[in-house]
Amino acid sequence: MKKKIDITPNIETLFGTRDENLHVLEDGLNIAIDLRSDSIELEGAARDVARAEQVFADYDHLQRSGFTFNNGDLNSMLRVLMADPKTTLRGLAEAGRQRSLGRRTVQPKSVNQRRYLEAIEKHDMVFGIGPAGTGKTYLAVAMAISALLSKRVNRIILARPAVEAGERLGFLPGTLQDKIDPYLRPLYDALYDMLEPEKVDRYLEKNVIEIAPIAFMRGRTLNDSFVILDEAQNTTSEQMKMFVTRLGFNSKAVITGDVTQIDLPNARRSGLLEAADVLKHVEGLTFVYFDEGDVVRHHLVQRIIRAYDEHKTRVAEEAVLHESRSGANGKPAVNDSLPQEKTATYPAQAESKE
């Protein structure tokens, strides 16, 4: 099927650098896009051509209504569209407007990120589990700021376990805040990236935004709050139970973590691993799982995560092979030469009960 679309004012901004956005549409929909002097010609299956036509129509509508795309948002939205046929460009853009941070909007860059944002909007407690660089913490902080600016909550509370990542930092001089700040720095970085520094400082000074180790949560009831627990894989079972029972009225909680980076002395005691098993059937909360395809940092990060996963698989296979050989010889399977690997893996996608 062939379909011609009239060229509208500024439609060329949809094409992207070196027509990269058109290539996303062509590859994702299996169509051909031919740019003519007075029109755009689409060729492919009828359903795919209709979806592409809808993208052009949505883009024209968004432009006329004053919507602007920033920092590669359009390319990311198109990739989400290609992965999920039920979405539309207009729907994604208007959903982003509702998550506005003043001049900025929060846009998902993958299907799982979109599920994550929608889960936070719909549920009072959300667990975001996945590898580094998938936007778990950044998007949670963005949603918290959006809720604060729109007055849906009165304060934001950001918590983290104060666990050293394989290092021994020893005695840290200064006040209590000076001692715990190094552990909480990533949360400060996210805040300063989304709000003006003066506004962040003012919110911190007035305790509208509170950043503290998870130990400070004990005994509190958190009402009218957006609460985020970051690096939850480093909580103990007791800490996790304490945190998830702090939730008060008109509050939301987001718990994020990477179960392959557990820094506790005994990885099997991770509160996040236990919570994923104990709470998976509880109504009113949900789990969203990320994978390497959701990494939005430097492209090398995806490759690094994949390399570590492949290494872990090889080690596990070698261990099984060694055990089978040892069993065949009637000897116990002992292999001190194999490195000890953490065995936590990500489910492909968990079905949660709402």
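This is a predicted model: local features need pLDDT of at least 70, side-chain atom pairs count only at pLDDT 80 or more; totals for chains, interfaces and linings use all residues.

User: With which residue does Glu-231 form a salt bridge, and how far apart are the closest N and O atoms?

Analyst: The general idea is that side chains of opposite charge can pair when their charged atoms come close. In this structure Glu-231 forms a salt bridge with Arg-160, and the closest N and O atoms are 3.3 Å apart. This pair links distant parts of the chain, since Arg-160 belongs to strand S5 while Glu-231 sits in the loop between strand S7 (225-229) and helix H9 (237-244), 71 residues apart. Arg-160 is buried, its relative accessible area being 13%.

User: How many salt bridges does the count come to, and which residue meets Arg-64 in one of them?

Analyst: The count comes to 10 salt bridges. Arg-64 meets Asp-60, with 2.9 Å from N to O. These two residues are four apart in helix H2 (residues 46-64), and therefore about one helical turn separates them. Arg-64 is exposed at a relative accessible area of 63%, whereas Asp-60 is buried at 16%. A salt bridge also joins the side chains of Asp-277 and Lys-280 (3.4 Å, N to O), and Lys-280 is partly exposed, with a relative accessible area of 38%.

User: Which residues are linked in a network of salt bridges?

Analyst: The network links Asp-34, Arg-36 and Glu-41.

User: How should I read a charged residue that has no salt bridge; what is the nearest side chain of opposite charge to Asp-258, and is Asp-258 buried or exposed?

Analyst: Asp-258 is found in the loop between strand S8 (252-257) and helix H10 (271-278). Asp-258 is buried and has no salt bridge, the nearest side chain of opposite charge being Lys-136 at 5.6 Å; because a salt bridge requires a side-chain nitrogen of Lys or Arg within 4 Å of a carboxyl oxygen, that distance is to be read against this cut-off. The side chain of Asp-258 does make polar contacts, including one of 2.8 Å with the side chain of Thr-260 and one, also given as 2.8 Å, with the side chain of Gln-261.

User: Which residues form a negative surface patch?

Analyst: The patch is formed by Glu-196, Glu-198, Asp-201 and Glu-205. Among them, Asp-201 lies in helix H8 (residues 197-205) and is partly exposed, with a relative accessible area of 38%.

User: Turning to the backbone, what is the phi of Asp-19, and what is that of Lys-151?

Analyst: Asp-19, a residue other than glycine, has a positive phi near 60 degrees; Asp-19 lies in the loop between S1 and helix H1 (20-29) and counts as partly exposed at 28% relative accessibility. Lys-151 is likewise not a glycine, and its phi is positive, at about 65 degrees. Lys-151 is placed in the loop between helix H6 (136-149) and strand S5 (155-160), and at 72% relative accessibility Lys-151 counts as exposed.

Terms used:
Residues are numbered from 1 along each chain as its sequence is written. Side-chain values use heavy atoms; hydrogens and water are left out. Patches are made of residues with over 30% relative accessible area and no salt bridge: like charges are joined within 9 Å, nonpolar side chains (Val, Leu, Ile, Met, Phe, Trp, Tyr) within 5 Å. Accessible areas come from the Shrake-Rupley method with a 1.4 Å probe; for residues, only the protein chains shown count as cover. Lys and Arg count as positive and Asp and Glu as negative; His and the chain ends are not counted. The place of a charge is taken as NZ of Lys, CZ of Arg, CG of Asp or CD of Glu. Buried means under 20% relative accessible area, exposed over 50%, partly exposed in between (1.4 Å probe, protein chains only). A polar contact is a pair of N or O atoms within 3.5 Å; within protein, one must be able to donate a hydrogen and the other to accept it, and residues adjacent in sequence count only if both atoms are side-chain atoms.
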